Amino acid sequence: GMSAGGQFNYEFVAWKPERVIAFVVNKGGIYYSALLSHAARDVPGILFVGGKDLEFRTNTITGLFAVNRRGGALWALAEEPAAAHIVGRSKEVALMFFEDILPLRLGSPLKTLEEKDGFRGDLKAKTYQAAGTTPAPNYPSAWFPTERVAKAWQAMATEKPFEK
């Protein structure tokens, strides 16, 4: 889901959430839908922004994330500080995300996930903890399905190597 691919992914989740296991938005720029339906917000996702990308792109994606996360979306915002409008390290994080989310969601119908069962990332401190351990902060936080994905997010955000 890089650039226009991420825009398509987001809009497809808005249109047909029951057909999507998980999605990635990677540094896109133009979106038609803002606050998505409850069903769409239940689809796990990661929205990537580049620290060196154009400001309108990062502002748009950050805004979409914030309004939907406030509405309970099981989504993460992930900044890749040194990246402009490129795939970069987000590919590795996205692959880990999909590897971990597939067994959690596969079923007929798709299995639903609960926020309390995942991990919450503090976007300001670039730390994470189990979501069910403390109340959510009064500012947007990321949601991750597994600790492995949370660790990868933290490594990318702090520009450290990924754990193997």
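## Exposure of Leu106

A residue is called buried under 20% relative accessible area, exposed over 50%, and partly exposed in between (1.4 Å probe, protein chains only). Leu106 has 46% relative accessibility, so this residue counts as partly exposed. Leu106 sits in the loop that links α4 (90-105) to β4 (119-122); helices (H or I, at least four residues) and strands (E, at least two) are DSSP runs, numbered from the N terminus.

## Basis

This is a predicted model, in which local features need pLDDT of at least 70 and side-chain atom pairs count only at pLDDT 80 or more, while totals for chains, interfaces and linings use all residues. Residues are numbered from 1 along each chain as its sequence is written, and side-chain values use heavy atoms, with hydrogens and water left out.

## The parallel sheet

An open sheet of 3 strands has the order β1-β2-β3, with parallel pairing; two strands pair if DSSP finds at least two bridges between them. β1 (23-26) and β3 (75-80) are at the edges with a single partner strand each, so one side of each has no neighbour in the sheet.

Strand β2 (residues 45-50) is joined to β3 by 6 bridges. Leu47 has Leu77 in β3 as its bridge partner.

## The antiparallel sheet

Another open sheet of 3 strands is ordered β5-β4-β6 and pairs in the antiparallel sense. Here β5 (127-130) and β6 (141-144) are the edge strands, each with a single partner, so one side of each lacks a neighbour in the sheet.

Between β4 and β6 there are 4 bridges. Arg120 stands opposite Trp143 in β6.
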